[in-house]
Amino acid sequence: AYNFSPGPSTLPESVLHQVRDTLLEYGNAGASIVEISHRGPEFLDIAARAEADLRALLSIPDDYAVLFLPGGATTQQALLPLNFAAPGQRADYVLTGHWGQVATKQARPYVDLNIAASSEAGGYRSIPPASEWRLSADAAYVHVTASETIHGVEFRPAAPGGHPFPDTGDVPLFADFSSSIASEPIDVSRFGAIYAGAQKNLGPVGIGVVIVRRELLERAGQPRADIFDYRLQLAAESMLNTPPTWNWYVAGLTFRWMLDEGGVEVFARRNEAKAKALYAAVDASGGFYRNDVDPAVRSRMNVPFLLSDPALDDAFLARAHDAGLIGLKGHRVVGGMRASIYNAMPLQGVEALVAFMHDFQRRHG
Ligand code: PLP
C-alpha cells in the first residue's frame, strides 16, 4: 500500500528493514535498540552520527546548534517564547493556516502576541504579501509556518512566483518546518530558529529537531524549568534526561537514507514532479476534484483536494483503500481529501493515486 498520511507518515522501506533487524539486537550490543543505554558508546555514536548527517543534509552552518528534543513541534512552539522572549515582550506571528494558529495558542501566555498578518479571512488559501505584514520593530522574533500541513499552503522561496520568506531585518525569523524540512534546499542562515516534529520528513513521531543560531541562546528568556531550557539542553547534548533513543535512532537512519539518495537537491526535484502530477490531475478534472489554494503557494508536501460532491467522499476513501492507497482522508478542519507526499513517497505512489482518481471520476463523474 501507499501511505498518504500526514504524519506519522510513510518511512523508507530500507529504514523499516533496519528497524526490524535492530529490534532484537543492535549490532553486538547484546541488547535491542530500544534497550541500550543513552549513555553507552553505541547510542552516543548514533546521536553523533544523526547530528552530523542532519548538518550535512541541510547544510547547517557551524554557528547554529542542533537539538533533538522529546515531544513534537507543539512543544517547541511553547518553548520558543520561554527561551527567546522577555516576559511580555512583543512577538510577531504570521498566520497562513491551522498550525500557525496553534503556535499562537502555545505562545500567548508568555508574550505580547501580535498577529502581523493573516490569511484567515480568505480561508487560509494564500500568503499575505510581505508589504502588508505589520511587523514590530521591538519584537523578540517573527514566527511563520513554512508549510501548513492542513491547508496546503507553503512558502516557496525557490519557486518562480512563489512566496519568499520575508526579510525581518534584525528581528530573527523563526519557522515551523515540520512538514517541509529536507524537502528542498534552504538557506538556514536566513532563520533564527527552525523547528520540526520528526514524524513527516524526518522519521518517527516522538522527537523534534530544533536548529537555532547559537547567539540567540544567550538571551535570558523567561523563568523556566531546566528541562525547558534550550541552553541547558545544548550543554547536555540533548540528554538532560533520558532522551527518546529509539526515535532518535530511526530519525538518524532516515537522514542517512536521504543523503544516500542524493540529498535535498534530489528530493526537491522528485517532490516537484510528484506535486506537479497531482495538482495537474486535480486541475484537469473539470471541477470533479478541486484545490482552492493560490497556485503560487500550493504546498508540494500536502495536497488537499475536495470532491465536487461530498456525498462521494466515503466511497472515494473506501475504493482508494481497496486499491492500496491509504491515509487520504482530509483533516476535519477542511474536510475532503489530502494526499501527503513527503520525501519517502515515491513517484509511483502518486502515479497510482492519479490513475485511481481518473478511474473514480470515470465511474462517478
Ligand atoms: N506544525 C505543523 C506544520 C504540523 O503539521 C504539525 C502536526 O501535524 C504540528 C506543528 C504539531 O506537531 P506535533 O504533533 O509534533 O506537536
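Ala73 counts as buried because 26 C-beta neighbours lie inside 10 Å; a residue is buried if 20 or more other C-beta atoms lie within 10 Å of its own, exposed if 12 or fewer, and partly exposed in between, with C-beta atoms placed from the backbone. The model is predicted: local features need pLDDT of at least 70, side-chain atom pairs count only at pLDDT 80 or more, and totals for chains, interfaces and linings use all residues. Residues are numbered from 1 along each chain as its sequence is written.

Ala73 lies in helix 3 (residues 73-84), helices being DSSP runs of H or I with at least four residues, numbered from the N terminus. Leaving out residues up to four places away in sequence, Ala73 touches Asp176, Ser178, Tyr195, Ala196, Gly197 and Gly208, where contact requires backbone-placed C-beta atoms within 7 Å.

Thr242 is found in the loop between helix 5 (230-235) and helix 6 (245-261). With 10 C-beta neighbours inside 10 Å, Thr242 counts as exposed.

The interior can be described through its nonpolar cores, sets of buried Ala, Val, Leu, Ile, Met, Phe, Trp, Tyr and Cys residues joined through C-beta atoms within 7 Å. The largest has 76 residues, and those with the most contacts inside it are Ala91, Ala193, Val209, Val210 and Val212. Helix 6 gives the most to this core, with eight residues. Val212 is in contact with Tyr64, Ala65, Gly192, Ala193, Leu217 and Tyr230, its neighbours within four places in sequence being set aside. A second, separate core of 28 residues includes Tyr2, Ala275, Phe316 and Ile341.

Notes. Helix = DSSP H or I, 4+ residues; strand = E, 2+ residues; numbered from the N terminus. Contact = placed C-beta atoms within 7 Å.
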